[in-house]
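Student: Could we go through some of the labels used for this model and ask what stands behind each one?

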Amino acid sequence: MKRLRLSALAALACMAMAALSAQDNYRIAGTLVNAATGEPVVRGTISLLAESDSHTLATTHTDSQGRFSINHLPAGKYQLTAAKRGYMSAFYDEHEEYSSAVVTGSTTGSDAFVKVDQLTFNLVPGGVIRGVVTDDSGDPVEAANVRIYQKSRDHGMGARILAPASAKTDDTGAYEFGNLTPGQYMIAVTATPWYAKAWRAAPNEEGSPLDVAYPVTYFDSTTEEPAATVIDLEGGSHVEANITLHAVPALHITLPPAGRSNNGEEQESAPQLTQMIFGAPADNQMLITEAPRTTRESEFTGIAPGQYTIEAGDPPRKLTVDLANSQQIDAANGVEEASVSGNIFLTSDKPLKEQLRLVLEPVGSSVPVEMQQGTNSQNHFDFESVPPGRWTLWAANGNK
């Protein structure tokens with residue numbers, strides 16, 4: 001009798017194992033291919049994510065034929081991602097702001113199983129923009145700051161320019177940006193002539209032939225921001241974008257003493273002069289000279305013509321100016337910046353579990369650079385140093 005009971009228990013255990021095996025007998029498999037050429041992508045990384053919260057469930061790599069397989073999966077809905085150096089990481093069937101989930105198990109028979117067993121995962125190769133920066137004489141400009149700006153039209157908000165990436169030219173004047181997503185790009189270059197640097201390091205006088213600067217120069221070698229040439233980059237394409245810089249007489253900008261702060265104390269903080277490109281700070285280095293302490297006057301030298309913001313005072317006031325000649329500027333004519341803060345709620349009153357990406361962009365500007373930040377765990381946001389004006393605020397959750 002005892003042996004029969006053990007045999008019955010063993011049979012039940014086998015039945016349970018068989019049922020469990022049947023439930024976890026699905027697989028997701030297919031081939032990872034280059035979206036531009038159709039060739040298999042070898043040693044690409046395939047990751048399976050939970051559809052509910054996007055945490056990683058399994059990871060594998062493609063073989064010499066670009067094939068991959070993730071086995072012993074229960075019926076369910078999953079996200080599938082692929083990555084490979086030189087390609088743009090992507091979700092399966094990603095298009096614009098959306099991607100397709102992969103479903104195992106089906107109420108319609110084996111069709112769904114066959115479909116997820118023979119996937120073709122297209123991975124877009126990254127594009128490349130490279131070029132050489134030279135001066136009027138054709139000599140390479142070393143250590144020039146090259147910035148690449150991408151135009152974006154996502155979320156129906158119209159054209160914007162996303163925050164740039166940057167690179168410095170080498171001793172041959174060459175630069176390169178790789179692994180770029182397909183899209184529209186613009187290039188801007190800032191630099192200082194080497195002979196102007198050497199001249200300013202010694203006692204000098206304004207008006208010298210060596211007192212020159214390079215204005216911000218855009219591809220294709222224009223100093224006019226609206227005339228910047230847009231580069232249409234396709235997946236896997238390589239674009240040459242050479243730029244020539246032209247030196248012009250440098251400007252000298254002076255600011256009167258900052259005066260006293262609201263509490264009556266003398267202000268010690270030095271004013272800041274920041275160059276603007278497509279509405280965003282260029283963060284390039286400026287030369288600042290302090291006049292004798294009796295005047296507390298500040299002087300900015302070696303300045304190229306262009307658009308700048310001047311920030312001075314306590315509380316700080318900011319002034320946007322288009323500089324075309326040397327002059328004295330009173331930053332007291334600027335305006336105080338504000339902060340924008342708040343909390344995000346769902347209209348359904350349900351709790352918002354995910355943190356969001358918040359974007360402020362000025363109304364009426366055709367190509368504004370977005371101000372970005374994320375929410376905290378309570379979905380609170382706080383933008384500081386927002387210039388006066390009309391702004392649009394919108395939120396994004398991942399690709400949604």
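Student: Why is Arg 130 called partly exposed?

Tutor: First, a word on the source: this is a predicted model, where local features need pLDDT of at least 70, side-chain atom pairs count only at pLDDT 80 or more, and totals for chains, interfaces and linings use all residues. Residues are numbered from 1 along each chain as its sequence is written, and side-chain values use heavy atoms, with hydrogens and water left out. Now to your residue: buried means under 20% relative accessible area, exposed over 50%, and partly exposed in between (1.4 Å probe, protein chains only). Arg 130 has 26% relative accessibility, so it counts as partly exposed.

Student: What makes the pair Glu 176 and Arg 130 a salt bridge?

Tutor: The term asks for a side-chain nitrogen of Lys or Arg within 4 Å of a carboxyl oxygen of Asp or Glu. Here the closest N and O atoms are 3.1 Å apart, so the pair qualifies. Because Glu 176 sits in strand β13 (residues 174-180) and Arg 130 in strand β9 (residues 127-134), the bridge ties together parts 46 residues apart in sequence. Strands here are DSSP runs (E, at least two residues), numbered from the N terminus.

Student: How many salt bridges does this rule give?

Tutor: Five. Among them is the one between Glu 336 and Arg 317, at 3.4 Å from N to O. Glu 336 belongs to strand β29 (residues 335-336) and Arg 317 to strand β27 (residues 317-323), so this pair links parts 19 residues apart in sequence. Another joins Lys 318 to Glu 311 at 3.7 Å.

Student: How do you know that Gln 79 is buried or exposed?

Tutor: Its relative accessible area is 19%, and the limit for buried is under 20%, so Gln 79 is buried. This residue lies in strand β5 (residues 76-83).

Key: Helices (H or I, at least four residues) and strands (E, at least two) are DSSP runs, numbered from the N terminus.
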